[in-house]
Amino acid sequence: ALKAHNPDVVFICNETVKHVEVLLACLKFSNHLKVIIEKPISSTLDSSLMNLNPADHSRVFVSYNLRFSPLLIQLKEELEDQKILDAVVNVGQDL
C-alpha cells in the first residue's frame, strides 16, 4: 500500500502486537512520512523503539481512540435522529 499510494501520513490502527513492526516499516519507507499510531504503541517492551533515529521522533505521533468513550456514545445516541451537517470534537486530557 505504501508503494502503491505513496502517502504523506499513515495511521497505524491494527492489532497492538503489530504496531512496532508496521511503524518501523513506515519509517524505513520514507524520511518524510508522518506516522500516527494508536495507543498503546506496543504490547511488550520493544527495544527497537529505543533505537529510533532522533530525527524520526518528530514524525511519530500517538493517538488515543475515543470511539468507545461513554460521553461520545451518549452524544451519538442523542443526535441519532438529527441531520448533522458538521461536527468537531476536541478532547484534551492527560493520558
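This talk goes through some local features of one predicted model, from the start of the chain to its end.

First, the ground rules. The model is predicted, so local features are reported only at pLDDT of at least 70 and side-chain atom pairs only at pLDDT 80 or more, while totals for chains, interfaces and linings use all residues. Residues are numbered from 1 along each chain as its sequence is written, and side-chain values use heavy atoms, with hydrogens and water left out.

His5 sits in helix H1; helices here are DSSP runs of H or I with at least four residues, strands are runs of E with at least two, and both are numbered from the N terminus. His5 counts as exposed because its relative accessible area is 63%. For that word and its relatives, buried means under 20% relative accessible area, exposed means over 50%, and partly exposed is in between, with a 1.4 Å probe and protein chains only. Along the chain, His5 and Leu33 are 28 residues apart, and their C-alpha atoms are separated by 12 Å.

Asn6 is in the loop between H1 and E1. Its phi is positive, about 45°, although Asn6 is not a glycine. Asn6 is exposed, since its relative accessibility is 54%.

Pro7 is in that loop as well, between helix H1 (2–5) and strand E1 (9–12). Is Pro7 exposed, partly exposed or buried? Pro7 is partly exposed, because its relative accessible area is 26%. What does Pro7 touch, leaving aside its neighbours within four places in sequence? The answer is Leu2 and Leu33, where contact means heavy atoms within 4.5 Å. Pro7 and His32 are 25 residues apart in sequence, and 9.7 Å separates their C-alpha atoms in space.

Now to strand E2 and what follows. Glu38 is part of strand E2. Is Glu38 buried or exposed? Glu38 is buried, because its relative accessibility is 14%. Neighbours within four places in sequence aside, Glu38 is in contact with Ile12, Cys13, Asn14, His19, Ser63 and Asn65.

Where is the cis peptide bond? It joins Lys39 and Pro40, with omega at about 0°. Pro40 belongs to the loop between strand E2 (34–38) and strand E3 (60–63). Asp46 is also placed in the loop between E2 and E3. With a relative accessible area of 26%, Asp46 is partly exposed. Asp46 and Val20 are 26 residues apart along the chain, with 7.9 Å between their C-alpha atoms.

Next, charge pairs. Side chains of opposite charge can pair when their charged atoms come close. The rule used here for a salt bridge is a side-chain nitrogen of Lys or Arg within 4 Å of a carboxyl oxygen of Asp or Glu. How many salt bridges does this rule give? The count is two salt bridges.

One of them joins the side chains of Glu15 and Lys18, at 3.7 Å from N to O. Glu15 is partly exposed, because its relative accessibility is 46%. Lys18 is partly exposed too, with a relative accessible area of 39%. Another salt bridge links Arg59 and Asp56, whose closest N and O atoms are 2.8 Å apart. Arg59 and Asp56 are both buried.

Last, the surface patches. A patch is made of residues with over 30% relative accessible area and no salt bridge; like charges are joined within 9 Å, and nonpolar side chains (Val, Leu, Ile, Met, Phe, Trp, Tyr) within 5 Å. Accessible areas come from the Shrake-Rupley method with a 1.4 Å probe, and for residues only the protein chains shown count as cover.

Which residues form the patch of negative charge? They are Glu77, Glu78, Glu80 and Asp81. Asp and Glu count as negative, Lys and Arg as positive, and His and the chain ends are not counted. Glu77 is in helix H3 (residues 70–78). Glu77 is exposed, because its relative accessible area is 53%.

There is also a nonpolar surface patch of about 400 Å², made by Leu75, Leu79, Ile84, Val89 and Val91. Val91 is in the segment after H3. Val91 is partly exposed, since its relative accessible area is 44%. Val91 and Thr16 are 75 residues apart in sequence, and in space their C-alpha atoms are 23 Å apart.

How values were computed
Charge placed at Lys NZ, Arg CZ, Asp CG, Glu CD.
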